[in-house]
Amino acid sequence: MKLEIQNTWDEKTPHSELSDLARIDLTSESPYDLFREWHEEARKFSTGLPNALCLATVSKDLKVSARHVIIRRIDEDGFVIVTDNRSQKANNLLEVPSAAMCFLWSYFNENNNHVSRQVRVEGTVAPLPRDDYQSLYDREPTFCKIRSLICNQGQEVNWEAQKQIHDKVLKEVHNGERALPMPQHFIGYKLFPETIEFYSAWDHFIGDRIKFQKNSPTNTWKHCRLSA
């Protein structure tokens with residue numbers, strides 16, 4: 001059985017007769033500045049999860065794996081996430097310390113334009129020292145701290161047994177009988193970008209793309225436009 005996927009625009013609307021080219025205007029030579037501008041706008045208007053990204057990793061036998069995670073911090077030199085160091089992604093990053101991130105934002109802005117934006121980030125990944133991400137764990141909500149404590153990420157589990165453990169821990173936390181310190185398997189990683197690519201389009205405009213490439217010896221960036 002074939003399923004035809006409909007486009008998000010209606011071909012019967014006047015927009016079907018319109019076309020133009022979108023343009024990304026740069027206010028800085030730094031891709032981090034553009035990312036922060038876009039991220040802030042997405043946080044303002046997006047009804048989805050503007051902090052979510054798709055993280056792709058690869059194992060030593062070249063099996064690619066992807067999943068969605070949450071960006072926890074944006075530094076001047078990279079993008080920080082946290083996870084369980086017993087997870088598949090952690091094993092992949094141990095074997096092949098390179099990864100790709102992809103952010104996707106779709107929303108209506110203050111002018112009621114339907115904005116579609118994507119940011120692709122590729123580079124090397126390194127684990128962070130514990131004191132560099134302790135603050136990220138400290139501000140986690142209770143349910144996330146309990147998850148870190150009781151969940152061995154990606155392993156087979158009995159739901160009923162997990163539920164009993166959860167309820168016991170939650171009760172002890174509420175009664176002040178248990179603290180939730182950062183467990184040893186909670187780990188932070190930073191992706192140090194080598195390339196960052198931006199795509200932007202809206203309404204009937206054909207998308208514009210800009211690719212930033214890092215010059216490692218000088219720690220500077222150069223960019224060019226790409227065809228959509």
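This is a predicted model: local features need pLDDT of at least 70, side-chain atom pairs count only at pLDDT 80 or more; totals for chains, interfaces and linings use all residues.

Me: What is the secondary structure of the protein, and how is a helix or strand called?
Reply: The protein comes to five helices and 11 strands. Those are DSSP runs, numbered from the N terminus: helices are H or I with at least four residues, strands are E with at least two.

Me: Why is the pair Arg 73 and Asp 132 called a salt bridge?
Reply: The rule wants a side-chain nitrogen of Lys or Arg within 4 Å of a carboxyl oxygen of Asp or Glu. For Arg 73 and Asp 132 the closest N and O atoms are 3.3 Å apart, so the pair passes. Arg 73 sits in strand E4 (residues 73–74) and Asp 132 in helix H3 (residues 130–138), so this bridge ties together parts that are 59 residues apart in sequence. By the salt-bridge rule, the count comes to 17.

Me: What makes Asp 132 partly exposed?
Reply: Its relative accessible area is 27%. Buried means under 20%, exposed means over 50%, and partly exposed is in between (1.4 Å probe, protein chains only), so Asp 132 lands in the middle class.

Me: Are Arg 225 and Asp 208 buried or partly exposed?
Reply: One of each. Arg 225 has 37% relative accessibility and therefore counts as partly exposed, whereas Asp 208 has 7% and is therefore buried.

Me: What does Glu 172 meet in a salt bridge, and where is Glu 172 placed?
Reply: Glu 172 belongs to helix H5 (residues 159–174), and its side chain meets that of Arg 178 at 2.8 Å, N to O. Leaving aside residues up to four places away in sequence, Glu 172 touches Glu 177 and Arg 178; a contact means heavy atoms within 4.5 Å.

Me: Why is Glu 172 called buried?
Reply: At 15% relative accessible area, Glu 172 falls on the buried side of the rule.

Me: What makes strand E8 mostly covered?
Reply: In E8 (residues 186–202), 13 of its 17 residues are buried.

Me: How do you know that E8 pairs with other strands?
Reply: Two strands pair if DSSP finds at least two bridges between them. Six bridges join strand E5 (residues 79–84) to E8, so that pair qualifies, and the two run antiparallel. Within it, Val 80 has Lys 190 in E8 as its bridge partner. Strand E7 (residues 114–127) and E8 are antiparallel over 13 bridges, with Arg 120 standing opposite Glu 197. E8 and E10 also pair in the antiparallel sense, over six bridges, and there Phe 198 stands opposite Ile 210.

Me: What is the phi of Leu 62, and why is Leu 62 called exposed?
Reply: Phi of Leu 62 is positive, about 65°, although the residue is not a glycine. Leu 62 is in the loop between strand E2 (52–58) and strand E3 (64–70), and its 70% relative accessibility makes it exposed.

Me: What about phi and accessibility for Asn 219?
Reply: Asn 219 has a positive phi near 55°, and is likewise a residue other than glycine. Asn 219 lies in the loop between E10 and E11, and at 51% relative accessibility it counts as exposed.

Me: How many of the residues in the protein are buried?
Reply: Buried residues make up 36% of the 228.

Methods: Residues are numbered from 1 along each chain as its sequence is written. Side-chain values use heavy atoms; hydrogens and water are left out.
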